[in-house]
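Hello,

Here is the structure I promised to hand over. Please open it first, then read my notes below.

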Amino acid sequence: MKKILFVAAAAALALLCSCSSTSLVTSWKAANAPKVGTYQKVMVVGMMGAKDLEMRQKGEAAVVQTLAKSGVAAVSSYELLGPKEFRKMSEQEVVAKLKNDSVDAVMFVVLLDRAKEKDWVPGAVYYTPYAGAYYGCYWCHYNMMYGRVYSPGYFSTTTTYILEVDLYSVADNKLQYSAHIKSVDPNSVASLSQNFSNLVINDLTKKGLIEAPQKK
């Protein structure tokens, strides 16, 4: 029973000490890139694979909603075209479809990599003096201190996501903006999607491609 309690305590400690983070690794914009708000409509296309359909849906929805808050008209490719989007269409058919739906910019959100690392965190004995009667009894001392200072080893798994966003203008088929984002141990698909979206929109704003909100 005592061993079970020790392991449970270690797992709880690992959970408390773990933290998630999402950061912008690098980004680039074309020299004469137009402001995103000048486009009639931006289509957001998530490319995550068949096994990550939830990530694609929530990722596209988060980007569309975040762009809308910045005054940019956007639409989810999943909502507009379904899960298979352009796979059975020729380039001419794709361009015609986009123009017919007033889409003049496409933003690809790509899951480049997802890696899991499993590390062994060894146990450790910490020096923590306690005053008390048990110092007068070596067995009492052992029983009292063992449960307080000994932390058993455990396996810690870290999941890292690498995502890329690429914004193309439909009229000239040119790349206008690109960025890479790294996310470590996101709490959920929803939080990963929202944090990613916020980073991208903030970076677009810093680069002058989206108008900064007016201060009241």
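**The largest pocket**

Strand E2 (42-47), helix H4 (91-100), strand E4 (105-121) and strand E7 (154-169) each give at least two residues to the lining of the largest pocket. Keep in mind that this is a predicted model. H4 supplies the largest share of that lining, with 5 residues. The space in the largest pocket comes to about 350 Å³. It is lined by 16 residues, and Val94, Val95, Leu98, Val106 and Asn173 are the closest to its centre. By class, the lining of the largest pocket holds 11 nonpolar, 2 polar and 3 charged residues.

The C-alpha atom of Val95 is separated by 9.0 Å from that of Ala171, and the two residues are 76 apart along the chain. Ala171 is found in the loop between E7 and strand E8 (174-184). Is Ala171 buried or exposed? Ala171 has a relative accessible area of 80%, so it counts as exposed. The cut-off for that word is over 50%.

**The overall build**

Now step back to the whole protein. It has 6 helices and 8 strands. Along the sequence, they follow the pattern α-β-β-α-β-α-α-β-β-α-β-β-β-α. There are 216 residues in the protein, and 34% of them are buried. Take the contacts between residues at least 6 apart in sequence: 77% of these join residues at least 24 apart.

**Helices H2 and H6**

Next, look at a helix pair. H2 covers residues 53-69, and H6 covers residues 189-206. How do the axes of H2 and H6 cross, and at roughly what angle? They come within 8 Å and cross at roughly 40 degrees. The crossing of H2 and H6 is right-handed. By class, the contact of H2 with H6 has 9 nonpolar, 6 polar and 2 charged residues.

Here are the residues that meet:

- From H2: Glu54, Met55, Lys58, Gly59, Ala62, Val63, Thr66 and Leu67.
- From H6: Val189, Ala190, Leu192, Ser193, Gln194, Phe196, Ser197, Asn198 and Ile201.

**A cavity lined by both helices**

A search of the whole structure finds 1 cavity of 30 Å³ or more. The largest cavity has a volume of about 50 Å³. Which residues line the largest cavity? They are Met48, Met55, Gly59, Val109, Leu163, Leu192, Ser193 and Phe196. H2 and H6 are the elements that give two or more residues to this lining. The largest share, 3 residues, comes from H6. The lining of the largest cavity divides into 6 nonpolar, 2 polar and no charged residues.

**Glu60**

One more residue in H2 deserves a look. Glu60 is found in this helix. Is Glu60 buried or exposed? Glu60 has a relative accessible area of 1%, so it counts as buried. The cut-off here is under 20%. What does Glu60 touch, leaving out residues up to four places away in sequence? Glu60 touches Val44, Val45, Gly46, Ser76, Ser77 and Tyr78.

**Where to start**

Begin with H4 at the largest pocket, where it supplies 5 lining residues. Then turn to H2 and H6, which each give two or more residues to the lining of the largest cavity. Finish with Glu60, which is buried, and Ala171, which is exposed.

Best wishes

Definitions and conventions
Residues numbered from 1 in each chain as written. Predicted model: local features only at pLDDT ≥ 70, side-chain atom pairs only at ≥ 80, totals over all residues. Heavy atoms only, no water. 1 Å grid on protein atoms, 1.4 Å probe; cavity = no way out; pocket = protein on both sides within 12 Å on 5 of 7 lines; lining within 4 Å. Points joined across faces, edges and corners; volume = space filled by probe spheres on them. Helix = DSSP H or I, 4+ residues; strand = E, 2+ residues; numbered from the N terminus. Nonpolar A, V, L, I, M, F, W, Y, C, P; charged D, E, K, R; others polar. Buried < 20%, exposed > 50% of the residue type's maximum accessible area, 1.4 Å probe, protein only. Contact = heavy atoms within 4.5 Å. Axes fitted to C-alpha atoms, helices over the stretch in contact; angles between N-to-C directions. Left-handed = near helix turned anticlockwise from the far one by under 90°.
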